[in-house]
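Could you keep the view open while going through the points below?

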Amino acid sequence: MEQVLSLVNYSLSILFILLCLGLILFYFFSGRNRPKINLRDIQAFHHIRREVDLAVESGNRLHISLGRGNINDLQGGAAFIGLTILDRCAREASNSDRPPMTSSGDGVLTILSQDTLQSTYRSLAAEQRYDPTNARLTGLTPLAYAAGAIPIIHDEHVSANFFAGHLGTEIALLTEAGERSRSLTVAGTDSIHAQAVLYATSDEPLLGEELYAAGAYLGAGPMHIASLRMQDSLRWVLIAAIVIGAILKLLGILP
Amino acid sequence: MTDIICPLCGKPNPPDLDECKYCQAPLKTAGFFALSDQEGEESSFLPPSGESGAVGDQSVQAESASPFEEGVPDWLKQTEADFLEGTEAKPEQGTPDELSMQIESLLNQPSVPEDTGKPVIDDDWLASLLAEAGGGSSAAVIPPEEPLEGLAEDDVAGKTQPFVEERTKVEGLLPPDQEEKPDWLTGLEAASTIKLAGGMSPSEPIDKSSSIGEPEVAKGPSQADLPEWVGQVESEENPPGTNESETPIAPAELPSWLEALRPEDTVSPTRPVEDLSAADVVTVGPLVGLRGVISAHPSAIRARKPPTYSIKLRVTDEQRARVEMMEALLADEQKPKPLPSQPIFNSRNIFRLVIAAVLIIPIAWMIVTGSQKTSTPQPGSIPGVVDFTQQVQALPAGTPVLLAFDYEAGFSGEMNLAISALINQLMIKNSYLTLVTTTPAGPALAESIIKTSTGLDGLPTAYSNYTNLGYIPGGTMGLLGLATSPKAVLPFSLDQVDVWAIPPLNTVSTINDFSAVVVMTNDPDIARSWIEQVGPVLRVDGTPLLMITSSQAEPLIRPYVEAIPSQVQGLVTGLAGGLAYGRSVGIMQQDGVWDAFSISMTTSALIIIVGSIIGVVRNMPTSDKKKEG
Amino acid sequence: MKKILPISNAIIAVISGVLVLLGYFFPGVFGNIQSILIGWAIILAAFALLLGIFNLALVHWKKAGSDGPNRIYSIVLLISLFFTIIVVSISGPSGSASLWIFNSFQVPVEISLLAVLAVVLVFAGARLLSRRPKWYTVLFLITVLIVLLGSVPLFFLGEVAPLIVVRNWLAQVPAVAGARGLLLGVALGTVATGLRILMGMDRPYGG
């Protein structure tokens with residue numbers, strides 16, 4: 001019985017992944033010939049774009065913190081979104097007097113952030129602006145990571161802080177530091193209890209899966225829009241499945 | 001030797017040169033003969049430009065100019081020479097008038113009044129001469145005020161360029177009745193007639209055989225030798241001259257369309273536009289006596305080196321002060337203005353300090369006094385504690401138990417209560433404690449807990465039946481590897497001992513071989529990773545998975561506990577769960593922690609309520625103003 | 001080379017990801033290669049940790065050498081880092097000296113930071129209604145108060161049974177439901193992100 005269940009589990013998993021893949025490809029190829037898709041207005045991304053422009057004009061720096069998520073875990077998804085945001089911000093602020101600075105709490109994430117910065121500047125033919133010390137590992141434990149990122153906010157002429165990745169409740173310390181240094185804070189995390197903290201402490205929180213829409217809102221490419229549409233489609237499917245399952249359970253059909 | 005004065009630069013040049021050696025301006029066509037002090041009688045007539053080498057010295061010049069000079073009376077030559085010599089430095093107002101009148105009398109057309117049979121002659125001397133000559137002269141002298149409209153262009157050119165004369169044959173110009181007159185008068189009349197007829201082009205070669213009207217020249221050819229066409233020309237020309245001597249030139253009748261074109265407001269062209277009374281009088285050259293004209297003297301039109309002007313700006317003191325002010329303003333723009341630093345004691349910081357004091361002071365008081373006013377929670381009132389206790393008590397003695405220390409050092413205060421009680425229970429059972437962690441600080445934390453654990457009597461125990469396998473890198477992937485092959489993932493302990501080769505771990509090949517797996521974490525994601533990666537392997541053999549978590553992870557872990565089949569067999573959460581579990585195993589806390597926790601929660605709730613009320617009250621006036629607006 | 005390297009990076013990443021994914025669903029066929037690749041990933045993660053520490057030291061070395069206002073903190077960090085490395089290398093990770101450093105410095109500092117975090121959260125909760133005057137902010141604050149007051153017997157009033165019941169219901173029903181919904185959305189986003197990387201459309205590795 002358990003083997004059958006595990007087989008069904010594996011089959012459903014494969015089917016689910018293939019369904020996601022198919023939807024992404026479908027939306028990608030069908031969306032190429034369509035006009036621009038209107039996305040739901042999310043104020044946080046407006047603030048990101050505005051703050052990038054303001055930072056370039058004022059000669060201040062952007063601080064993008066990728067959290068402490070391990071890419072080998074589930075938290076890796078949020079970490080990759082943080083890298084996407086880093087890439088977009090580095091492109092937009094490439095001609096700023098002070099280039100963006102990143103902080104992270106994981107060694108792999110630090111290396112990836114360095115690589116992202118370098119490839120961004122290389123693609124813009126501005127590789128001489130790349131400084132490997134602009135991507136920093138600030139600490140290996142959550143509180144050490146927060147304690148190491150706070151000096152960046154205070155001392156590096158930061159005008160805006162973007163937190164995107166896996167961050168826990170220690171993010172409250174970072175948002176507090178941002179408020180003390182009078183810099184804007186836009187934060188999104190996949191941690192649920194951290195999102196509750198963000199609602200109370202951040203200027204512009206990204207709640208739920210809004211973080212995963214960052215690529216689509218910041219113009220990272222049509223594939224991001226296609227994957228966002230896939231998420232929306234499957235979300236409705238899951239809602240329908242949960243409601244139907246609850247009704248069946250109430251009716252006693254489901255054991 | 002007469003040098004030629006260059007008309008451009010005014011410097012003397014040798015007469016044999018065609019171009020000025022200083023500025024390379026042509027000399028022959030417009031050159032002046034320099035008047036030296038020794039040479040007083042020089043002709044100012046220009047030699048024709050076509051001649052080359054003909055002008056070498058004064059005599060040659062005289063010879064080349066002879067055809068022109070032959071037509072000019074000597075008195076005129078002498079007059080010009082005198083003027084060039086003496087009147088250049090001493091301009092006399094009276095003299096230019098006289099000279100101008102004289103020249104004008106020579107240049108102007110003879111005008112004959114209509115009502116007079118005799119020609120009108122302004123100059124008395126000429127009149128006297130003519131009277132002596134016994135005849136009306138046909139060469140009427142035109143008064144200076146006569147308009148020049150009737151003149152042909154050649155005549156005007158001839159007047160303005162007295163040195164350029166048109167060569168005409170004198171024979172045809174002389175009327176027949178002039179034969180009885182003296183030669184000089186005849187020549188004079190011929191000269192005036194020639195001037196009336198037009199100027200001579202300078203390019204025409206001088207025909208020495210021709211005469212301009214000099215009496216000497218006129219002596220040669222007689223009218224009988226002149227060709228017939230000259231006589232015809234003469235006859236054609238004479239009547240106009242005769243008519244002119246008798247009657248003034250009537251103004252031309254303009255057609256109506258031309259009359260209409262005449263602007264109404266224009267000043268009569270005959271009248272000078274500007275007042276020339278104050279203008280300088282030309283004292284040298286053929287325009288001597290005229291006012292308001294460019295002097296033809298070489299010194300007047302000598303090309304001078306343009307004056308050099310300093311490139312330095314003339315800046316006044318006021319302008320200099322303004323420039324300095326502008327520079328200061330621009331310099332200030334480059335300097336970033338430092339932002340005003342926030343005062344240390346502002347309302348926000350004071351509020352923070354007040355909150356911190358309100359929280360810390362009661363907590364410190366409770367701990368210092370060891371207060372136990374608040375009743376500790378019962379094991380049965382906390383779901384999951386009883387199951388946890390039962391699972392631990394059911395463990396066989398001396399069996400290996402896997403302990404995962406995946407919580408942060410900062411949560412030690414909340415979780416150490418439950419962990420210490422668990423360690424104590426396992427020590428009593430003499431279980432072999434296998435310590436692992438997926439956080440970098442976990443090994444030190446685990447080692448510290450084990451070494452500081454105390455027994456039931458509260459005294460520290462030196463428990464050695466444990467091994468610390470250290471840090472598992474790779475997160476979730478490391479857990480998967482640990483679940484399938486722990487020996488491969490953690491081959492040695494922190495002390496570099498191959499613990500898998502010695503009992504009791506030599507009997508452990510997979511994670512199922514442990515009697516229980518206890519995960520201690522504050523992060524619900526780590527807890528979920530253990531449940532999802534290691535739990536399925538544990539469920540195969542029914543190995544219990546127990547958890548000690550922080551209060552913040554309870555909502556996410558509780559469903560796994562309440563699931564059917566349960567994926568977590570026992571759960572202790574937070575300080576309350578730890579106290580309850582401790583109470584269930586007989587460990588009672590006496591240090592006032594629970595009272596401190598209780599008062600801190602109460603105080604926090606009160607602060608939030610008060611702060612929210614204050615915030616609402618402060619925002620109410622602004623919201624009313626917005627509504628009114 | 002500049003063109004070949006990004007393509008080769010993408011190919012390696014895609015093939016590795018697909019093999020590990022297939023190893024989950026077909027362990028008999030791809031299990032061995034999955035184990036090998038996971039082992040390599042674990043080794044690389046451990047080495048990346050060392051590189052991160054080196055990066056940390058380099059950054060603070062530069063700051064210590066500069067004339068910034070807070071260079072003293074970088075100097076302290078470097079001294080602490082090298083001192084700890086030396087002590088732990090000599091004493092061992094479980095040695096008494098290493099544990100003394102851990103217990104004397106890291107544990108108190110982290111506990112203090114958590115205490116500061118508690119004050120910050122209380123301060124943020126007190127200002128929340130003035131910062132976001134919305135109806136769901138009021139709902140949020142009510143929930144916070146119920147959880148706070150229902151988690152522990154009140155100091156002057158003791159246990160308030162209704163509060164405890166409501167608190168337990170809130171923690172087990174709405175909170176769990178909301179958490180599950182958020183987790184489903186996060187899972188969908190993670191799947192989408194992973195698939196983008198597996199298809200090579202998203203290259204965070206500088207390709």
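In this predicted model, strand E1 (residues 61–67) of chain A runs parallel to strand E4 (residues 158–166) of chain A, and six bridges join the two. One residue to look for along this pairing is Gly67(A), whose bridge partner in E4(A) is His166(A).

- E1(A) and E4(A) belong to an open sheet of six strands with parallel pairing, in the order E3-E2-E1-E4-E5-E6.
- Strand E3 (135–137) and strand E6 (204–206) of chain A are the edge strands; each has a single partner strand, so one side of each is left without a neighbour in the sheet.
- On average, neighbouring strands of this sheet are turned by 15° against each other, direction ignored.

**Helices lying across the sheet**

- Helix H4 (residues 107–123) of chain A lies across E1, strand E2 (101–104) and E3 of chain A, and runs at about 175° to E3(A).
- Helix H7 (residues 192–201) of chain A lies across strand E5 (184–189) and E6 of chain A, with an angle of about 160° to E5(A).

**Where chain C meets chain A**

- Contact here involves 55 residues of chain C and 68 residues of chain A.
- The two chains bury about 5200 Å² between them, and 71% of that lies on carbon and sulfur atoms.
- Four salt bridges are found across the interface of chain C and chain A. One salt bridge between these chains joins the side chains of Arg131(C) and Asp203(A), at 2.8 Å from N to O.
- Between chain C and chain A there are also twelve residue pairs in polar contact.
- On the side of chain C that touches chain A, the elements giving two or more residues are helix H1 (4–25), helix H2 (27–65), helix H4 (96–131), helix H5 (135–151) and helix H7 (174–198) of chain C. H7(C) gives the most, with 15 residues.
- By class, the residues on that side of chain C divide into 37 nonpolar, ten polar and eight charged.

**Where chain B meets chain C**

- In this interface, 54 residues of chain B are in contact with 42 residues of chain C.
- Chain B and chain C bury about 4300 Å² between them, with 76% of it on carbon and sulfur atoms.
- Within chain B, the residues that lose the most area to chain C are Met477(B), Met601(B) and Ile608(B), together 13% of what that side buries.
- How many salt bridges cross the interface of chain B and chain C? There is one, and Arg167(C) forms a salt bridge with Glu554(B), where the closest N and O atoms are 3.5 Å apart.
- Seven residue pairs are in polar contact across the interface of chain B and chain C.
- Six helices of chain B give two or more residues to the side that touches chain C: helix H13 (347–369), helix H16 (442–452), helix H17 (476–484), helix H19 (524–541), helix H20 (554–562) and helix H22 (593–628). H22(B) gives the most to that side, with 17 residues.
- The side of chain B that touches chain C has 27 nonpolar, 15 polar and twelve charged residues.

Terms used: Residues are numbered from 1 along each chain as its sequence is written. Chains are lettered from A and ligands numbered from 1 in the order in which they are written. This is a predicted model: local features need pLDDT of at least 70, side-chain atom pairs count only at pLDDT 80 or more; totals for chains, interfaces and linings use all residues. Side-chain values use heavy atoms; hydrogens and water are left out. Contact means heavy atoms within 4.5 Å. Buried area is the accessible area (1.4 Å probe) that two parts lose on being put together, summed over both. A polar contact is a pair of N or O atoms within 3.5 Å; within protein, one must be able to donate a hydrogen and the other to accept it, and residues adjacent in sequence count only if both atoms are side-chain atoms. Helices (H or I, at least four residues) and strands (E, at least two) are DSSP runs, numbered from the N terminus. Ala, Val, Leu, Ile, Met, Phe, Trp, Tyr, Cys and Pro count as nonpolar, Asp, Glu, Lys and Arg as charged, and the others, Gly among them, as polar. Two strands pair if DSSP finds at least two bridges between them. Axes are lines fitted to C-alpha atoms, for helices over the stretch in contact, and angles run from 0 to 180 degrees between N-to-C directions.
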